[in-house]
Amino acid sequence: MDVVKHWIDNEAVDGGDRKGDVYNPATGEKTAQVVYASRGDVDRAVASAKKALESWGKASLAKRSRVLFAYRELVERNKDTIAKMLTSEHGKVLSDAGGEVQRGLEVIEFACGISELAKGEFSENVSTEVDSYSIRQPVGVCAGITPFNFPAMVPMWMYPIAIACGNTFVLKPSEKDPSVTNYCAELLKQAGLPEGVLNIVHGDKVAVDALLEHPDVGAVSFVGSTPIAKYIYETGTKNGKRVQALGGAKNHMVVLPDADMDLAADAAVSAGYGSAGERCMAISVLVTVGDAADKLLPKIRERMAALKIGNGLDPASEMGPLVTKEHLSRVVSYVEKGVAEGAKLVADGRTLKVKGHEKGFFLGPCLFDDVRPEMSIYQEEIFGPVLSVVRVPTYADAVKLIHEHVFANGVAIFTNDGGAARKFQSEVQVGMVGVNVPIPVPMAYYSFGGWKKSLFGDLHIYGRDGVRFYTRNKVVIARWPDPKFRGVNLGFPQNH
């Protein structure tokens, strides 16, 4: 059985005796073991990154760009291999896995432009013979802690920009699907990344806490659930670190009565059940205004019935299993809560059986109607293929509902009324907004992040905010005076 080891100094290295099991979610079979890091393993990875910083932090922008361009080409060339590896451990279908790799590639491409992104500002003659300018310099050793749902893409949101900015990086990926990160590290080695610039430690809370408390780690990026994001932010900042921690979501899709109902139904099924709902940008709540639900729900149910659910490696599959048996049980418990709380379960995915994959972690699409805001299936992030319909009488009620929720990650509106859409995008208090687009994930040159309890920290991830997060701004004031201004002056400095 394969053992997924740590990656330190551009080599796979073993750790201690603690290991975790890795499964194929479609079959339920154990396929590998992953080594869990001790504090000593984390110390070794950070020490490697600190040593590499001495040279990498001074490397030219041209050299950093060349490595990233080479890495981009290697990821492009091997994206099918990455997608298959990802599907085998996560469960998402191959088309979704390929899309994940492509979105990660876009951030790598953005990072290739570091020579333009890292430019400072310059003001000549701010005072007589005095110039002022700013420069961006690396933070130092940075760390990333990433979730299971995007094992290729989310790490690529972090380390390409971090290393482009001259930092070194220690990554702690999810222990549920760890193999992709090691494979990508091997590609970076082939691209010419020096030893120690990227290190990977696998494991659990032991590794996380060691990174958060390590005095040589200057910045931490995190994507995951809100309780953990809050813990990461509070613990990291308490230890003097710069932290960006992206938390959970409960993304609403508002459907007005004038919307194109076929377009809205396609979007609701795609965004609600794609990747088995294991996305922080998944649509989990449909807010139907007026009589929109009566027109929309039959179309949604028709599309749900036609979904092909099976092994993600089967090209015919449109939706795969959940990532682990434990997560499957958690999502099923929410379905049971919804029924107990009085919501109307109009599609029950618990009855799904996938022939030949009886031990897989499958749950069919679930659809609730008449969901009320006080219900746990509305309030809490489920992270599975469960879509809730909340009916409201007016547009104003829809906006009020969204604003009263603790999460504010993404939101969408479906309408043919441009005025209503413009009003919505302006007034809704959510970080990412889609207009007739269900999953408004920004392109790599914008930044990703929500508001309220969906984000802890001041800066969003990747894009321009990513460059700001992974650099420190320094202002220089320089005087090269004409000889006539030389001499001692004990007075308070004045402009001339």
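Author: Please keep in mind throughout that this is a predicted model. As a general idea, strands of a sheet pair through backbone hydrogen bonds, in either a parallel or an antiparallel sense. In the present case, strand 1 and strand 5 (residues 29–35) pair in the parallel sense, over 3 bridges.

Reader: Which residue of strand 5 is the bridge partner of Val4?

Author: The bridge partner of Val4 is Val34, which lies in strand 5.

Reader: What is the strand order of the open sheet, and which strands are at its edges?

Author: The open sheet has 3 strands in the order 1-5-4, with mixed pairing. Its edge strands are strand 1 (2–4) and strand 4 (19–24), each of which pairs on one side only. On average, and with direction ignored, neighbouring strands of this sheet are turned by 35° against each other.

Reader: Turning to the helices, at what angle do the axes of helix 14 and helix 15 cross?

Author: The axes of helix 14 (residues 395–403) and helix 15 (residues 418–427) cross at roughly 20° and come within 12 Å. Because angles under 35 degrees count as roughly parallel, helix 14 is roughly parallel to helix 15. The crossing of helix 14 with helix 15 is right-handed.

Reader: Which residues make the contact, and how do they divide by class?

Author: Helix 14 contributes Tyr395, Val399, Ile402 and His403, while helix 15 contributes Ala420, Lys423, Phe424 and Glu427. By class, this contact of helix 14 with helix 15 comprises 5 nonpolar, 1 polar and 2 charged residues.

Terms used
Residues numbered from 1 in each chain as written. Predicted model: local features only at pLDDT ≥ 70, side-chain atom pairs only at ≥ 80, totals over all residues. Heavy atoms only, no water. Axes fitted to C-alpha atoms, helices over the stretch in contact; angles between N-to-C directions. Helix = DSSP H or I, 4+ residues; strand = E, 2+ residues; numbered from the N terminus. Parallel < 35°, antiparallel > 145°, perpendicular 65-115°, else oblique. Left-handed = near helix turned anticlockwise from the far one by under 90°. Contact = heavy atoms within 4.5 Å. Nonpolar A, V, L, I, M, F, W, Y, C, P; charged D, E, K, R; others polar. Pairing = 2+ DSSP bridges.
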